Amino acid sequence: MVSSQSNPAAQRKTKVPPEGGTPNKKTISVLPGDGIGPEITTAALVVLWQVAELFDHDFDIQELPIGGAAIREYDSPLPPSTMEKILASDAVLLGAVGSPEFDHLPPAERPEAGLLQLRQALQVYANIRPVQTFPALMGRSPVRLKAPIDLVVVRELTGGIYFGEPRYRKTSAIGERYGVNTLMYSEHEIARIAQVAFQMAHHRRGKVTSVDKANVLETSQVWREIVTEIGRTHYPEIQLEHQYVDNCAMQLVLRPEQFDVILTDNMFGDILSDEAAVLAGSLGLLPSASLGDGLGLYEPIHGSAPDLAGKNQANPVGTMLSLALCLRHSFGLNTEALSVEQAVAETLAQGFRTRDIAGFRQPVGLDEFTEQVCQSLKQQAAKHILFV
Ligand code: IPM
Ligand code: MG
């Protein structure tokens with residue numbers, strides 16, 4: 001399909017810049033973070049500049065420290081200067097946080113705390129994690145897939161046990177160490193994430209699987225009640241199913257094709273999305289969008305992989321696809337987002353693989369993979385121009 005919207009040349013002709021500047025110049029805060037974070041965000045930026053050139057856009061990029069990198073420089077995993085600049089920008093692209101160097105620190109001072117504070121400050125309560133198998137990677141799944149996986153995990157991101165108070169660790173009178181965390185969900189937190197999941201199912205295959213542990217936890221009973229009420233009242237056309245989290249973990253391996261939208265809390269979503277990711281071929285492939293009422297935060301679902309850092313071996317696909325989600329959800333650039341997704345699929349289809357998904361093939365480095373994605377983008381654009 002060729003439209004003037006997907007044709008960079010036509011776009012260039014029709015765009016009239018207002019006086020004194022580029023129209024709608026968007027500022028993206030890029031937070032490389034730790035480990036492989038800097039390499040994979042650089043790779044995504046190379047792709048972004050290619051998109052900018054082909055579609056005649058202009059983006060402002062501001063790189064800001066977070067996580068271990070920020071602790072080393074500013075003694076804080078989320079320095080106020082980083083937060084201030086983020087709030088003045090239009091979207092956030094994050095690499096990864098976490099470094100063994102800070103393992104001895106209490107949770108509130110670790111690199112991960114920077115990311116958690118950021119999620120809460122932006123109130124991005126809805127974490128969307130699409131899981132899809134690329135046709136070229138069907139064979140890379142650790143399970144024998146009967147059909148390609150196509151599901152979305154909708155994870156509550158700013159509540160639950162990650163943020164519940166009280167939380168502390170202490171030593172008892174008899175010298176025994178203990179720790180306390182609190183799992184709490186209130187009605188409005190459950191209702192708003194449930195709405196996101198039902199809406200998403202409405203635009204997909206019409207099924208929500210809500211995952212909890214209602215046979216043991218009060219929070220899960222409230223969760224189940226509210227999700228059921230919202231489904232019944234506002235989304236009667238959506239098929240709603242409930243699963244206990246242990247069963248869901250098993251069902252993902254046994255019959256992943258049964259899932260359309262998985263709706264779950266912060267902790268269960270963290271665990272299940274890693275599981276779903278490897279089913280699709282590799283943890284390195286999955287993007288995520290964290291959305292709320294304001295700025296969107298986009299990041300791959302994997303961690304900082306310190307053992308791979310600086311080796312040109314990391315898989316940049318999760319970050320590139322997160323960039324695509326950013327273009328789509330924060331900037332409404334759907335054609336551009338699609339072209340990034342297609343270029344990644346095409347690069348994989350041509351047999352280019354980073355080490356994690358290489359199997360018996362000769363792997364390519366992160367920079368060669370990135371170069372190939374840019375080539376695919378250019379080829380797509382050339383095809384569109386030819387067909388006009
Ligand atoms: C994720 C990560 C984070 C989380 C860590 C790095 C704090 O595992 O985004 O899935 O637990 O949410
Ligand atoms: Mg995780």
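Let me start with a term: a nonpolar core is a set of buried Ala, Val, Leu, Ile, Met, Phe, Trp, Tyr and Cys residues joined through side-chain atoms within 4.5 Å. Buried means under 20% relative accessible area, exposed means over 50%, and partly exposed is in between, with a 1.4 Å probe and protein chains only.

What you see above is a predicted model, where local features need pLDDT of at least 70 and side-chain atom pairs count only at pLDDT 80 or more, while totals for chains, interfaces and linings use all residues. Residues are numbered from 1 along each chain as its sequence is written, chains are lettered from A and ligands numbered from 1 in the order written, and side-chain values use heavy atoms, leaving out hydrogens and water.

Now, the core. The largest one has 89 residues, and Val47, Leu151, Val154, Leu252, Leu263 and Leu327 have the most contacts inside it. Helix 2, residues 37-55, gives the most to this core, with 10 residues. Helices (H or I, at least four residues) and strands (E, at least two) are DSSP runs numbered from the N terminus. Domain 1 (1-138 + 281-388) and domain 2 (142-150 + 157-280) both give residues to the core, so it lies between them. Those bounds come from an automatic or database domain assignment.

How do the two domains meet? 22 residues of domain 1 are in contact with 23 residues of domain 2, contact being heavy atoms within 4.5 Å. Their centres, taken over C-alpha atoms, are separated by 26 Å.

Let's zoom in on valine 47. Beyond its neighbours within four places in sequence, it is in contact with Met320, Leu323, Val340, Thr370, Val373, Cys374 and Leu377. There is also a second, separate core of 16 residues, including Leu78 and Ile86.

Next, please find helix 7, residues 218-234. Which of its residues are buried? They are Thr219, Ser220, Trp223, Ile226, Val227, Ile230 and Gly231. Strand 8 (207-212) and helix 9 (266-279) are among the elements covering the buried residues.

Technical notes. The expected span of a helix is 1.5 Å times one less than its number of residues.
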